[in-house]
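Student: I would like to learn how to read a protein model. Can we go through one together, feature by feature?

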Amino acid sequence: MADPSAAAGPTLQSLRAQIDALDLKLLALLNERASLALAVGELKKAEGSIVFRPEREAQVIDGLKRANPGPLRADSVAPIWREVMSACRALETPTRVAFLGPAGTFSEEAALGYFGSSIVRLPCASFDEVLHATLAGAADFGVVPVENSTEGVVARSLDLFLTTPLFIVGETNLIVRHNLLRRENSLDAIAAVCAHPQALAQCHGWLANHLPHAERRPVASNAEGARIAAADSTLAAIASERAGSEFGLHVVAPAIQDDAHNRTRFAILADPQRHPRPSACGHDCTSLVVSVPNRPGAVHDMLVPLKQHGVSMSRFESRPARSGQWEYYFYIDIQGHPDEPHVAAALQGLRSVCAFFKLLGTYPIDVH
């Protein structure tokens with residue numbers, strides 16, 4: 001006679017037992033991977049190689065996404081393996097990462113998303129300080145925002161790229177959800193809203209509709225705004241949920257950004273004297289800044305080499321050169337790597353027609 005319990009299918013208790021057994025197997029495999037990572041680290045030390053190679057990690061994650069049979073979603077694979085690789089890297093040498101602080105900023109969130117949580121965090125008071133800490137060696141990498149899908153470029157970051165010897169070695173994109181945070185769980189009697197100017201601009205419509213009489217008070221970062229609001233019950237802040245938890249604030253209104261799909265792009269910076277340029281991985285981006293002589297057709301001539309050599313341009317931004325002569329710097333992203341012959345030829349042709357030419361970085365991009 002058939003067992004009626006078997007016909008009913010697995011029980012919750014039996015499924016949990018299977019999960020517990022698999023977790024133990026996963027833990028054993030992760031420790032086996034960590035042992036191999038330590039062995040790789042010893043070889044790297046002997047060779048004088050660096051620990052973190054963004055193109056290598058991108059290739060590993062891309063391969064796992066392609067091989068993923070499901071039911072895990074492909075976009076869930078990347079953060080899982082970034083944490084695994086972050087924990088393994090930390091066994092060799094913890095990665096020190098500078099970002100705009102204090103704790104709870106979107107820059108910190110971007111750093112954790114890119115490097116994983118097993119890093120040494122170095123919050124900085126400004127973008128300038130992020131670059132200085134990275135250049136001075138206090139941090140191995142710096143993370144700065146460069147572009148927002150609502151408000152466009154982050155001007156200070158682009159201006160700093162002109163003079164810094166740091167090199168872009170990676171990028172990461174973050175979905176930015178702005179929340180109104182406050183000590184009191186109410187919209188009543190808010191005298192001012194504190195946030196970074198970009199966040200205030202990204203929430204302009206919501207603030208105009210819901211808090212038209214409240215002052216909009218710009219501060220150095222959203223997390224700094226949360227810190228200030230935590231000390232004054234008449235103030236509110238626009239920041240992440242992480243910042244709210246950090247400073248003990250209520251989420252009075254969630255997701256108040258005007259664009260529901262608001263995203264910010266961050267650049268990962270390193271000193272090329274200590275961290276070599278990433279090798280080509282098959283889906284690379286190259287960033288540069290140029291200027292051209294102030295004459296008719298100069299901008300057209302600048303773009304001709306890209307077309308001649310079949311190189312696609314994915315970004316084109318201009319910034320005033322501050323010379324008083326109505327001259328501009330052009331920030332350009334192109335698809336490909338300078339080690340590829342057609343990209344190298346296009347860059348050589350572009351350099352020949354430019355009055356100023358600076359390669360800002362070349363790095364792997366997420367194509368999934």
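**Salt bridges, a sheet and a surface patch**

Tutor: Start with this: E147, E171, R265, R315 and D333 are linked in a network of salt bridges. A salt bridge is a side-chain nitrogen of Lys or Arg within 4 Å of a carboxyl oxygen of Asp or Glu. Two notes before we go on. This is a predicted model, where local features need pLDDT of at least 70, side-chain atom pairs count only at pLDDT 80 or more, and totals for chains, interfaces and linings use all residues. Residues are numbered from 1 along each chain as its sequence is written, and side-chain values use heavy atoms, with hydrogens and water left out.

Student: By this rule, how many salt bridges are there?

Tutor: The count comes to 17. Take D333 and R315, whose closest N and O atoms are 3.7 Å apart. D333 lies in strand β14 (residues 328-335) and R315 in strand β13, so this pair ties together parts 18 residues apart in sequence. Helices (H or I, at least four residues) and strands (E, at least two) are DSSP runs, numbered from the N terminus.

Student: Is D333 buried or exposed?

Tutor: Learn the scale. Buried means under 20% relative accessible area, exposed over 50%, partly exposed in between (1.4 Å probe, protein chains only). D333 has 2% relative accessibility, so D333 counts as buried. R315 is buried because its value is 10%.

Student: Which parts of the chain does the pair of R319 and D159 link?

Tutor: Distant ones: R319 sits in strand β13 and D159 in helix α7 (residues 155-163), 160 residues apart. Their closest N and O atoms are 2.8 Å apart. Both residues are buried.

Student: Now the sheet. How do strands pair?

Tutor: Strands of a sheet pair through backbone hydrogen bonds, either parallel or antiparallel. Two strands count as paired if DSSP finds at least two bridges between them. Here, five strands form an open sheet in the order β8-β7-β9-β6-β10, with mixed pairing.

Student: Which strands stand at the edges?

Tutor: β8 (215-218) and β10 (250-253) do. Each has a single partner strand, so one side of each is left without a neighbour in the sheet. Neighbouring strands of this sheet are turned by 35° against each other on average, direction ignored. Axes are lines fitted to C-alpha atoms, for helices over the stretch in contact, and angles run from 0 to 180 degrees between N-to-C directions.

Student: What does β7 pair with?

Tutor: Strand β7 (residues 192-195) runs parallel to β9 (residues 235-239), over three bridges. Helix α10 (residues 222-229) packs on the sheet and touches β6 (179-182), β7 and β9. Contact means heavy atoms within 4.5 Å. The direction of α10 makes about 155° with that of β9. β7 also runs parallel to β8, joined by four bridges. In β8, R217 is the bridge partner of C194.

Student: Which way do the residues of β7 point?

Tutor: A192 and C194 point one way, V193 and A195 the other, and all are buried.

Student: What makes the nonpolar surface patch?

Tutor: V299, M313 and F316 make a patch of about 210 Å². Patches are made of residues with over 30% relative accessible area and no salt bridge: like charges are joined within 9 Å, nonpolar side chains (Val, Leu, Ile, Met, Phe, Trp, Tyr) within 5 Å. Accessible areas come from the Shrake-Rupley method with a 1.4 Å probe; for residues, only the protein chains shown count as cover. F316 is found in strand β13 (residues 313-320). F316 is partly exposed, at 32%.
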